[in-house]
Amino acid sequence: MAHGRAGGAGPGGGAVSALRLGPRSVAALALVSLIGIAAFCWPLFADADSAVTSHAGDAPWLFAALLPLLVAVVVATIADSGMDAKAVAMLGVLAAVGAALRPLGAGTAGLEPMFFLMVLSGRVLGPGFGFVLGAVTMFASALLTGGVGPWMPFQMLSMGWFTMGAGLLPGQRTLRGRGELLMLSAYGFVAAFAYGTVMNLQGWVLLQGLSSGISFQPGAPLHENLVRFLAYVTATSLGWDLGRAVLTVVLTLTVGGTLLRALRRATRRANFEAQVTFEGPEGAPASEAPHRTQVTYEPE
């Protein structure tokens, strides 16, 4: 006789998570994030006459080779924590849907519907799954739209952070309904601007010789370059990021509840990380009564 039991599930059964973050997974994610921060921020701290600054055009290609390898390390480490075939299948489906959604609005006032899907997926499936999903979705999207270039690893890393952040929000087991949607909408709004700002930093350091008020100046004091960067963001992409943020909020509030329930239902049915225990009848070992063996599934 088989019995299914979702131990510790909150209302709606949303406590089930696709991936656990073990110590190695956390260490690998931290390593990728630290190298990613260095990839984005190194020009702000380099001297004007340093070899790094003088070869700024070569640096993105270096990180283009390095970051996908580090993402692969993260995937392999998370796999050790329980990424089974069902989790890989869900990862593939969500990445394909996200990649298909991105071209629908790209190029039109920053309206990119894939961002709300990443927020909801990260919320339901956890930070580890979220990081991998964000990176894989952006990679698939780049292949689909022909957007492969030195910026792609930076997009993969930024989207990984974006989706992982949704999985780190509080109230994973207890918060449901309108309150949860409002929290996810607020996160999506702020994180959409953060994503655009981080990606602007990657491109801005390569654009030298523009107006002195917004152009990157190699070797200039950090505070002066930060002022120029903020002026650059305001002048070039603030409206684009606003469109992305507003669309994420609208979609989260209108269809987010339905999609959250669908994702949680799919996760419960997939029964990620199920543990199987065999129990015999009360007072007797299971081996003595195999016809009455009980199978209990308990997600951790």
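Trainee: Is Ala-100 buried, partly exposed or exposed?
Mentor: The classes rest on relative accessible area, with buried under 20%, exposed over 50% and partly exposed in between (1.4 Å probe, protein chains only). Because the relative accessibility of Ala-100 is 41%, Ala-100 counts as partly exposed.

Trainee: What kind of model is this, and how are residues numbered?
Mentor: Residues are numbered from 1 along each chain as its sequence is written, and side-chain values use heavy atoms, with hydrogens and water left out. Local features need pLDDT of at least 70, side-chain atom pairs count only at pLDDT 80 or more, and totals for chains, interfaces and linings use all residues, since this is a predicted model.

Trainee: Which helix supplies the largest share of the nonpolar patch?
Mentor: Phe-189, Val-190, Leu-242, Val-246 and Val-250 form this surface patch, with about 400 Å² of accessible area together (patch residues have over 30% relative accessible area and no salt bridge, and nonpolar side chains are joined within 5 Å; a salt bridge is a side-chain nitrogen of Lys or Arg within 4 Å of a carboxyl oxygen of Asp or Glu). Helices H8 (178-204) and H10 (238-270) each supply at least two of the residues, helices being DSSP runs of H or I with at least four residues, numbered from the N terminus. The largest share, 3 residues, comes from H10.

Trainee: Which side chain makes a polar contact with the side chain of Arg-244?
Mentor: Arg-244 lies in helix H10 and counts as buried because its relative accessibility is 4%. A polar contact is a pair of N or O atoms within 3.5 Å; within protein, one must be able to donate a hydrogen and the other to accept it, and residues adjacent in sequence count only if both atoms are side-chain atoms. At 3.0 Å, the partner of the Arg-244 side chain is the side chain of Glu-112.

Terms used
Patches are made of residues with over 30% relative accessible area and no salt bridge: like charges are joined within 9 Å, nonpolar side chains (Val, Leu, Ile, Met, Phe, Trp, Tyr) within 5 Å. Accessible areas come from the Shrake-Rupley method with a 1.4 Å probe; for residues, only the protein chains shown count as cover.
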